[in-house]
Amino acid sequence: MSQINIRNQVNQHTQHSHALKIPRILILGGGYGGLKTALTLQRSLPENKAQITMISKHDYHYQTTLLHKVAIGTLSARKARIYYRKILDSSKVAFIKDKVLEIHPDKKRSFAGGVGLSMIIL
Ligand SMILES: Cc1cc2nc3c(=O)[nH]c(=O)nc-3n(C[C@H](O)[C@H](O)[C@H](O)COP(=O)(O)OP(=O)(O)OC[C@H]3O[C@@H](n4cnc5c(N)ncnc54)[C@H](O)[C@@H]3O)c2cc1C
């Protein structure tokens with residue numbers, strides 16, 4: 001994804017959350033920990049209670065617990081993936097595909113692809 005697209009997405013969500021005065025939560029990484037957090041928040045938080053953004057370097061979660069099957073050829077690599085677009089409700093969790101380059105939890109900021117994101121970081 002281009003930096004301009006990421007910036008546009010983030011800007012849209014940031015403006016929305018500023019207008020509603022709701023907390024902004026940034027989840028770094030869509031692995032077991034990050035994805036579970038996103039899905040739990042998606043399920044338990046009513047709409048417009050928080051702006052949730054998950055950023056991860058791929059647009060899918062790779063089920064490492066299935067990798068032994070991929071290794072021996074009984075499962076295709078594609079089937080071990082869960083695409084975030086299929087399980088995340090985009091009206092509740094915004095997903096950004098990018099690599100996180102810097103994290104500054106003390107300043108509540110992280111950087112991905114040259115774009116700074118100011119949020120509560122998980
Ligand atoms: C082959 C294998 C089999 C396993 N089997 C089991 C099992 O049977 N049972 C069990 O309990 N555990 C198992 N584990 C361990 C389990 O996978 C890990 O404990 C678990 O994945 C850790 O979760 P996590 O969310 O911390 O990290 P991960 O699940 O690794 O998630 C990290 C996420 O962050 C993303 N990411 C990383 N760096 C960046 C970056 N700079 N910018 C953006 N995104 C980034 C990654 O793409 C990934 O989506 C296995 C591990 C392996 C490798």
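The structure is a predicted model, in which local features need pLDDT of at least 70 and side-chain atom pairs count only at pLDDT 80 or more, while totals for chains, interfaces and linings use all residues. Residues are numbered from 1 along each chain as its sequence is written.

Of the 122 residues, 20% count as buried; a residue is buried if 20 or more other C-beta atoms, placed from the backbone, lie within 10 Å of its own, exposed if 12 or fewer, and partly exposed in between. Among contacts with a separation of 6 or more, 64% link residues 24 or more positions apart, a contact being two C-beta atoms, placed from the backbone, within 7 Å.

Together, S1, H2 and S2 make a right-handed β-α-β unit; right-handed means that, with the strands pointing away from the viewer, the path from the first strand over the helix to the second runs clockwise.

The largest nonpolar core has 13 residues, and Ile-27, Ala-38, Ile-52, Met-54, Ile-55, Val-93 and Phe-95 have the most contacts inside it. S1 (24-28), H2 (32-44), S2 (51-56) and S5 (93-97) each supply at least two residues of this core. Such a core is a set of buried Ala, Val, Leu, Ile, Met, Phe, Trp, Tyr and Cys residues joined through C-beta atoms within 7 Å. Met-54, in strand S2, counts as buried because 25 other C-beta atoms lie within 10 Å. Beyond its neighbours within four places in sequence, Met-54 is in contact with Ile-27, Gly-30, Gly-34, Ala-38, Val-93 and Phe-95. With the same exclusion, Ile-55 is in contact with Leu-26, Leu-28, Ile-96, Asp-98, Val-100 and Ala-112.

The ligand is surrounded by 16 residues, the closest being Gly-29, Gly-31, Gly-33, Thr-64 and Val-100. H2 and S2 are the elements that give two or more residues to this shell, and H2 provides the largest share, three residues.

The loop between H2 and S2 holds both Glu-47 and Asn-48. Glu-47 is exposed because it has 8 other C-beta atoms within 10 Å, yet Glu-47 touches Ser-91 and Lys-92, not counting residues up to four places away in sequence. The C-alpha atoms of Glu-47 and Lys-92 are separated by 6.5 Å, although the two are 45 residues apart along the chain. Asn-48 is likewise exposed, with 12 C-beta neighbours inside 10 Å, and has a positive phi of about 65 degrees although it is not a glycine.

Methods: Helix = DSSP H or I, 4+ residues; strand = E, 2+ residues; numbered from the N terminus. Near = placed C-beta within 6 Å.
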